[in-house]
Each structure stands twice: as structure tokens, then as C-alpha cells.
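Please read them with the structure open.

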Amino acid sequence: MDFNLLVDAVSQNAAFLEQTLSSTIKRDNFTAHLFDIHKQVLKEGIAQTVFLGLNRSDYMFQRNADGTSALKQIEINTISASFGGLASRTPDVHRHVLSVLNKTKEAAKILSNNPSKGLALGIAKAWELYGSANALVLLIAQEKERNIFDQRAIENELLSRNIHVIRRRFEDVSEKGMLDQDRRLFMDGQEIAVVYFRDGYMPSQYSPQNWKARLLLERSCAVKCPDIATQLAGTKKVQQELSRAGVLEALLPGQPEAVARLRATFAGLYSLDMGEEGDWAIAEALAAPSQFVLKPQREGGGNNLYGEEMVQALVRLKDCEERASYILMEKIEPEPFGNCLLRPGSPARVVQCISELGIFGVYVRQGQTHVMNKHVGHLLRTKAIEHADGGVAAGVAVLDNPYPV
């Protein structure tokens, strides 16, 4: 998996992260907080020796003027990449529906997909390499978690391997978490081998107490998924800088084939830093707003700006340094198709839709040796074309399955 190797390379390159995020952290407090923890960990010395990435790279098929299509990356999620559990269940749902309709041949075409098993396999390998048979996996969860069944699927896969998971909030870590003299992490007196974040990707999820808890976790020798550097590697600003000429070659030396494959998926990505380059990008977007998306350094969906909202934001931002906390991206335009979206309280009807394909990747690195690097499944989300932004959690998109033809 090329993107796994790229994310891992970025996470290990402190100079690249500092240079890339230097303008962003001046204007984006959330990214600045993350970067401050990153610097503190580097100063003290990184305690963990095993590194785990559970990523999801999201794509759409760009419709070209000549009628062809090309797979273009929307973003890569390096923290709390969700729906691996639910995506493992949707093939059986669609097979069942087709079988009820006596369409057994069509049902047989639904692709098998089990990301939860693959994601758990990565956590299990990291747990094994940590080297303590009695240690647990700590899942950092929100207090009111709507997506708990997605998470439980991975927990159950781990339990089948006799690896036990405990669920705690940042507040619990602050109150009951501790490090011993060797920086081993203990929670409620139990040693933790792997910390799996399903929280901590949005500013609203951090109080001052929660920031202290995150620092405690990062200072430990437990395997973090992700560690703070890998979370920073997934920011929109890093995504934009990776598209610059020569950057991939510097991060992945001697791998021209991987570089070519990665670059082929990049849409247009533009810096909004103060200066001529940022001025040019803003002018282009204002001249053709339907062709661009304005993206802040945020995860979780529903944050991007399109059309008139984007225009208003750019007019407000164009002469102030706050614009450096955003990037501009070419809007990917897939070919719409007719489909029926099933949602509670809404009549079933065929509407024009577009789909977004996510590819789950897992890597485990011990020291400088990659002991795992694989694709473990996919996620397909479909929504009506009337919705510019927003996903499943926002009630806009639905879980889907690819259907080979």
C-alpha cells in the first residue's frame, strides 16, 4: 500500500512536518495544540518502538472531458478511520435483499469485504510486538458514541484472539492513567499495549484536561493508533504539500513506481499561504467557484465549503493570515447515476447519486522494519447529488457496496 508507506514516511520526518505546518499552526489553534504535543514528545524522546497505522484513503472517479474516468483522492484519514465494522456487514445485507427478490446470480456478484478483521489484525500484531501477554488494548471513546457498533465489530475480532479491549474517555485517562518509570502506560492498574483512538480528531473533543490526557498517552511506550505525528501527517495542509513537485521523491527515495501511482491520484491542491501563490489560488477560485472546494484542517465531515459559501469565506479571508489555516482543492466531478437510497422516514425512490470509495490500509512498523503493510477492505458511501458535503454520520450518505459489471 503506497499511501501507508507515504503516511509513515511523513510521520517520521519531523523537519517536513514543521516546515509544512509552520504557517497553519500560527492561525489554527487545534493543529497548533497537536503540534505542541509532537514537539514535547520529540524533546523527551519517543518511547514507543512499535508503530501502527489504520488508515482510510477516500476517492471519487473524476469524469474527464473525453469521457474517461480517473480515480482521484479526496483525503486520507489517519485517525479514527470509521465504518470498517459496518462495511463488513453490508455485503450480507445486499445479498439478502437480492436473494429475497430471487436474483441469486446478482447476489453472488456482491464483493466479499471484511475490513474489521483486517483492522483487528493490525492491532493484534502491534499488541503482539509490544510483548506483554497480560496487557490490554485501550480504546479512547466519546462519552456518547453513536457509532459504537462499528467499533464493537473490531473489538469482537480482537476478543476472538483473546486480546481484551477496555473503553475509556480522555477524562478517565486524566483521572486514572499513569506512567511508570519506564513510561509504560497503566489504566486502572492494568498495563496498556495499544491505544486506539476513536476520539480526539476535532477541537470540540478536547478540554484542557483532555489535552493533558493526550500528552500522557503520547509520552508512553504504548503503541498509539495513531501517534501524534501520524495524526499530523493526515492534515489537509500536508496533503496539499505532498502534491508539490519533488516532495514525493524526497519522502520515498528510490521508489519511482510508487511515486507515479500516488501522484496519479492527486487532484489539484493549492496553498492559501500569504503571498503570490495564495493570491493566485484565491483569484482562480473566485473566478470559477464551482470548480473548487475550500478545506479547513478538520476531520469528521461537514467542514468543507462550496459554491457561494466558499466565495463568501474567500472574500473575507483573502487579505488576512487566517487563510493559511485552509487549503483549496479542485472539486472532483464524478459521473452521476440513478440509485435508491434507503433511509428511515423517507419514501424509496430513484435519485441521481454519486459514490465515494474508501480503501482501508494497515501497516505495522517495528523500529525501521515494516512487518505489515496491506489493504484490508473497502468502504463505499453513496449520496444524492443535491448534497455537496456531509457523510453517513451527518445523515446525508448511506453505506453501499460495489457491484462489478
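1. Ring pairs, the rule. Rings of Phe, Tyr and Trp (its six-membered ring) pair if their centres lie within 6.5 Å; planes under 30 degrees apart count as stacked, over 60 as edge-to-face and the rest as tilted. Searching the whole structure gives nine aromatic pairs.

2. Basis. This is a predicted model, in which local features need pLDDT of at least 70 and side-chain atom pairs count only at pLDDT 80 or more, while totals for chains, interfaces and linings use all residues. Residues are numbered from 1 along each chain as its sequence is written, and side-chain values use heavy atoms, with hydrogens and water left out.

3. Phe30 and Trp211. Their ring centres are 5.9 Å apart and the planes stand at 50 degrees, so this pair is tilted. Phe30 belongs to helix H4 (residues 29–44) and Trp211 to helix H11 (residues 208–219), so the pair ties together parts 181 residues apart in sequence. Helices (H or I, at least four residues) and strands (E, at least two) are DSSP runs, numbered from the N terminus. Phe30 has 6% relative accessibility and counts as buried. Trp211, at 13%, also counts as buried. The cut-offs are under 20% relative accessible area for buried, over 50% for exposed, and partly exposed in between (1.4 Å probe, protein chains only).

4. The cluster. Phe30 and Trp211 form one aromatic cluster with Phe170, Phe197 and Tyr206. Arg214 lies over the face of Phe197, 4.3 Å from the ring centre. For a charge over a ring, NZ of Lys or CZ of Arg must be within 6 Å of the ring centre and within 35 degrees of the ring normal.

5. Tyr270 and Phe292. This aromatic pair is edge-to-face, with 6.1 Å centre to centre and 65 degrees between the planes. Tyr270 sits in strand S9 and Phe292 in strand S10, 22 residues apart. Tyr270 is partly exposed at 25% relative accessibility. Phe292 is buried at 9%.

6. The sheet. Three strands form an open sheet in the order S9-S11-S10, with antiparallel pairing. Strands pair if DSSP finds at least two bridges between them. S9 (269–271) and S10 (292–296) are the edge strands, each pairing on one side only. Five bridges join S10 to S11 (residues 326–330). Lys295 stands opposite Ile327 in S11.
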